[in-house]
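Hi,

Here is the structure I said I would pass on. Have a look at it, and then read on for what turned up in it.

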Amino acid sequence: MKKIIDRYILKEIAFPFFMILFILTFVLLMGKILQLMDLMVNKGIRVTDIALLIIYLMPSFLLFTIPISLFVAIMMGLGRLSGDNELLVMKAAGMSLYRLARPVFVAVGACFLLTALTSYYLAPHGNFAVKSLLFDLARQKAGAGIKEKVFNDEFSGILLYADKVPVNGEFMSGVLISDTRNTTEQRTIIADRAYLIADPKAMTVTLRLENGASHSVDRSLNNYRRMDFGRYDLKLDLGGAMSGDVRKTKASTEMTVGEMVKQMQDRKLKDADLRELAIEINKKFSIPVSTLVFGILGIPLGIRKHRTAKYWGFTIGLAVVIVYYLLRLGGEALAETGRLTPFLGAWLPNFALGVAGIWLFLRAAAEKPLLFRLPRKLVKS
């Protein structure tokens with residue numbers, strides 16, 4: 001009998017959980033849809049590459065949507081059971097809140113493991129895979145986008161003209177380049193031949209020029225400089241080719257815990273960089289723990305009887321989530337400026353809502369009102 005009740009409670013939680021998880025993830029993905037559509041329509045990126053980008057982006061979205069969906073689902077599921085007096089019948093049959101909470105904790109445990117896996121492994125690898133794929137697409141786009149007898153502005157600050165480009169696109173001949181990246185002088189480069197060379201490991205693209213000359217003049221037009229060369233390497237910025245975020249080293253969100261700990265041992269790091277890494281390490285652990293916090297907090301709030309149980313659960317759940325993420329953003333901001341330690345900055349919302357959740361759960365288990373009430377005499381006066 002108890003197993004049937006456990007499955008029944010899990011079913012009440014599972015349906016709203018997956019529904020809210022899908023909606024929230026889709027809403028977050030909508031923020032990237034316009035950029036992805038631009039890549040497909042204007043940049044000529046294949047649909048399969050767009051699908052890969054979505055898959056790689058999904059873990060970073062799930063870090064936010066899984067805890068929120070779990071909390072709201074618990075509020076809605078238990079709220080529905082409480083509103084229909086089903087929880088009251090279960091308690092009358094001798095089932096305590098500790099026993100009724102078992103299937104909820106099973107769901108919380110499953111979400112905790114999934115969020116931990118996503119935080120420790122899937123999210124950093126997914127973020128780095130996004131950057132690598134964008135670099136590869138940008139490199140391919142840059143090489144394929146260079147047409148002969150056409151001025152190409154795919155590279156940030158560089159205007160490139162090639163007189164001839166063979167069908168295989170291996171090189172360019174009769175190259176003319178206008179380099180405006182240096183604000184103090186403008187440079188024009190002429191070369192007989194040029195090659196695009198990509199380094200996937202360092203994530204750089206170099207334009208190798210052969211047999212040419214570089215002509216530089218300052219903005220006042222008073223100084224002119226010429227440099228002849230047999231071979232000259234010009235590093236290119238792919239910012240105009242949709243990979244402005246590409247860097248030679250991994251960002252903190254692209255590292256695993258082990259990689260960040262190893263990075264923190266570098267004595268050349270600045271204090272701001274050390275704080276950033278320390279905050280990210282603590283977030284790797286605090287985000288999965290937030291599922292446990294939301295689970296404990298959702299049970300006493302969800303069993304509160306209300307006529308519009310589902311709407312009540314959704315509204316209160318959304319309000320608590322907003323408070324949680326405001327505390328989290330505030331804690332991280334204070335930690336970044338050095339006013340709080342990275343540990344306190346990342347764990348502050350978990351501590352605050354965790355203590356509140358345990359206190360409310362114990363009061364609900366003891367059949368006490370969730371909040372203290374004033375004596376009637378004081379209310380009348």
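This is a predicted model: local features need pLDDT of at least 70, side-chain atom pairs count only at pLDDT 80 or more; totals for chains, interfaces and linings use all residues.

The protein has 381 residues, and buried ones make up 43% of them. For secondary structure, expect 10 helices and six strands. As for contacts with a separation of 6 or more, 65% of them are between residues 24 or more positions apart.

Now to the charges. Side chains of opposite charge can pair when their charged atoms come close. There are 14 salt bridges in this structure, and I'll take you through some of them.

One of them joins Asp 163 to Lys 149, with the closest N and O atoms 3.6 Å apart. Asp 163 sits in strand β2 (residues 158-164) and Lys 149 in the loop between α5 (102-145) and β1 (151-152), so this pair ties together parts that are 14 residues apart in sequence. Asp 163 itself counts as partly exposed, because its relative accessibility is 29%.

Another runs between Asp 233 and Arg 208, where the closest N and O atoms are 2.9 Å apart. Here the two partners come from two strands: Asp 233 is in β6 (residues 224-236) and Arg 208 in β5 (residues 204-218), so the bridge ties together parts that are 25 residues apart in sequence. Both ends are partly exposed, with a relative accessibility of 36% for Asp 233 and 24% for Arg 208.

While you're in that area, click on Tyr 195, which belongs to strand β4 (residues 185-199). What does Tyr 195 touch, leaving out residues up to four places away in sequence? The list is Glu 170, Phe 171, Thr 206, Leu 207, Arg 208 and Glu 210, so Arg 208, the salt-bridge partner of Asp 233, is among them. Tyr 195 and Asp 233 are 38 residues apart in sequence, and their C-alpha atoms are 9.5 Å apart. With a relative accessible area of 24%, Tyr 195 is partly exposed.

Asp 271, Asp 273, Glu 276 and Glu 336 gather on the surface in a patch of negative charge. Which helix gives the most to this negative patch? That would be α7 (residues 271-302), with three residues. Glu 276 is in α7, and its relative accessible area of 41% makes it partly exposed.

One last stop is Arg 46, found in the loop between α1 (2-41) and α2 (47-83). Is Arg 46 buried or exposed? It counts as exposed, because its relative accessibility is 53%. Arg 46 and Leu 137 are 91 residues apart along the chain, with 9.7 Å between their C-alpha atoms.

Cheers

Terms used. Residues are numbered from 1 along each chain as its sequence is written. Side-chain values use heavy atoms; hydrogens and water are left out. Patches are made of residues with over 30% relative accessible area and no salt bridge: like charges are joined within 9 Å, nonpolar side chains (Val, Leu, Ile, Met, Phe, Trp, Tyr) within 5 Å. Accessible areas come from the Shrake-Rupley method with a 1.4 Å probe; for residues, only the protein chains shown count as cover. A salt bridge is a side-chain nitrogen of Lys or Arg within 4 Å of a carboxyl oxygen of Asp or Glu. Lys and Arg count as positive and Asp and Glu as negative; His and the chain ends are not counted. The place of a charge is taken as NZ of Lys, CZ of Arg, CG of Asp or CD of Glu. Helices (H or I, at least four residues) and strands (E, at least two) are DSSP runs, numbered from the N terminus. Buried means under 20% relative accessible area, exposed over 50%, partly exposed in between (1.4 Å probe, protein chains only). Contact means heavy atoms within 4.5 Å.
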